[in-house]
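I opened my notebook to look up a few things in one protein model.

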Amino acid sequence: MGQQHLAAEPGAEPVTVALVEDHQVVVDGVRSWFGPSPGPVALVAQGPTIEAVRGVTADVLLLDLNLNGTMVIDRVSELCQGGQRVIVFSEHEEPETVRAVLDAGASAFIGKGRATRESCLETILEVAADRPSVTPPMAQAIATDERPHRPQLSDKEREALLFWFQSMSKASVAARMGIKERTVRQYIDRARVKYAAAGRPAPTKEKLLICAIQDGLIQPDEVTIYTSLAARTSPEPH
């Protein structure tokens, strides 16, 4: 994403970020990425420990995993359960580490080794808007995850979910697939049952989409608004 797409909308409030990082050079680098105000993202607090930013109101918490020589993976769940959107920002990009923080509730994982200003800001903006975000370390962790809690969806189940995620009604999905509407509902319900059985309940459309993207079943760029053939071929109004 180019820098021009990351400018703040006129009159829009910036996304606020609290940074937990114990290396000043990294703090300075992140601050330079956010740039002067007004911008799309604003750093409102930073400190070398989680306690240093406790009580700060921020849209997103950007968290290093290794603080003063101690890994804080076990703190991620606590932060997420407290209602905080957590993005882990770490050099520890091993798939098992990435999976551990995602399982604990982290919204995204940014690898320090390959992060750029544009990719970092894009992830922060997506997470702040509660949109699913899949970064390269997350994609690798997902692709190499062979644990049984990853539900296996059939091709038809995945196809029905994809069309449904593209803002199509279940009736439209049925017409597109050439099946009955009740069959579409069965496909969607079956996917929900599989996720619930795996200990990852997805009762809403948004939660089901996030789970499907996290597992690599749906790619983020596939989730586009579907335009019907009739709408595409109808004449432009004069």
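The entries below go from the whole chain to single parts.

**Overview.** I noted that the model is predicted. I looked up the secondary structure and found 10 helices and seven strands. Of the 238 residues, 41% count as buried. I then turned to contacts with a separation of 6 or more, and 63% of them are between residues 24 or more positions apart.

**Aromatic pairs.** How many aromatic pairs does the count come to? I got two aromatic pairs. One I looked up is tryptophan 33 with phenylalanine 89: the ring centres are 6.4 Å apart and the planes stand at 65°, so I wrote the pair down as edge-to-face. The cut-off for that word is over 60 degrees between planes. Tryptophan 33 belongs to helix α1 (residues 24–34) and phenylalanine 89 to strand β6 (residues 86–90), so this pair ties together parts that are 56 residues apart in sequence. Is phenylalanine 89 buried or exposed? Phenylalanine 89 is buried, because its relative accessible area is 4% and the limit for buried is under 20%.

**Helix α3.** I listed the buried residues of helix α3 (residues 95–103): Pro95, Thr97, Val98, Arg99, Val101 and Leu102. I checked what these buried residues pack against, and found α2 (73–81), β6, β7 (108–111) and α5 (136–143). After α3 comes glycine 105, with a positive phi near 115°.

**Helices α6 and α7.** Two packed helices are described by the angle between their axes and the distance between the axes. I looked up both for helix α6 (residues 155–165) and helix α7 (residues 170–177): the axes come within 9 Å and cross at roughly 130°. That angle makes α6 oblique to α7. The crossing of α6 past α7 is right-handed. Which residues make the contact? From α6 I wrote down Lys156, Glu159, Ala160, Phe163 and Trp164, and from α7 Lys170, Val173, Arg176 and Met177. Sorted by class, the contact of α6 with α7 has five nonpolar and four charged residues, and no polar ones.

**Serine 37.** Where is serine 37? I found serine 37 in the loop between α1 and β2 (41–47). Serine 37 counts as exposed because its relative accessibility is 69%, and the cut-off for exposed is over 50%. I also looked up proline 14: from serine 37 it is 23 residues away in sequence and 8.8 Å away in space, C-alpha to C-alpha.

Conventions
Residues are numbered from 1 along each chain as its sequence is written. This is a predicted model: local features need pLDDT of at least 70, side-chain atom pairs count only at pLDDT 80 or more; totals for chains, interfaces and linings use all residues. Side-chain values use heavy atoms; hydrogens and water are left out. Rings of Phe, Tyr and Trp (its six-membered ring) pair if their centres lie within 6.5 Å; planes under 30 degrees apart count as stacked, over 60 as edge-to-face and the rest as tilted. Helices (H or I, at least four residues) and strands (E, at least two) are DSSP runs, numbered from the N terminus. Buried means under 20% relative accessible area, exposed over 50%, partly exposed in between (1.4 Å probe, protein chains only). Contact means heavy atoms within 4.5 Å. Axes are lines fitted to C-alpha atoms, for helices over the stretch in contact, and angles run from 0 to 180 degrees between N-to-C directions. Angles under 35 degrees count as roughly parallel, over 145 as roughly antiparallel, 65 to 115 as roughly perpendicular and the rest as oblique. A crossing is left-handed if the near helix is turned anticlockwise from the far one by less than a right angle, and right-handed if clockwise. Ala, Val, Leu, Ile, Met, Phe, Trp, Tyr, Cys and Pro count as nonpolar, Asp, Glu, Lys and Arg as charged, and the others, Gly among them, as polar.
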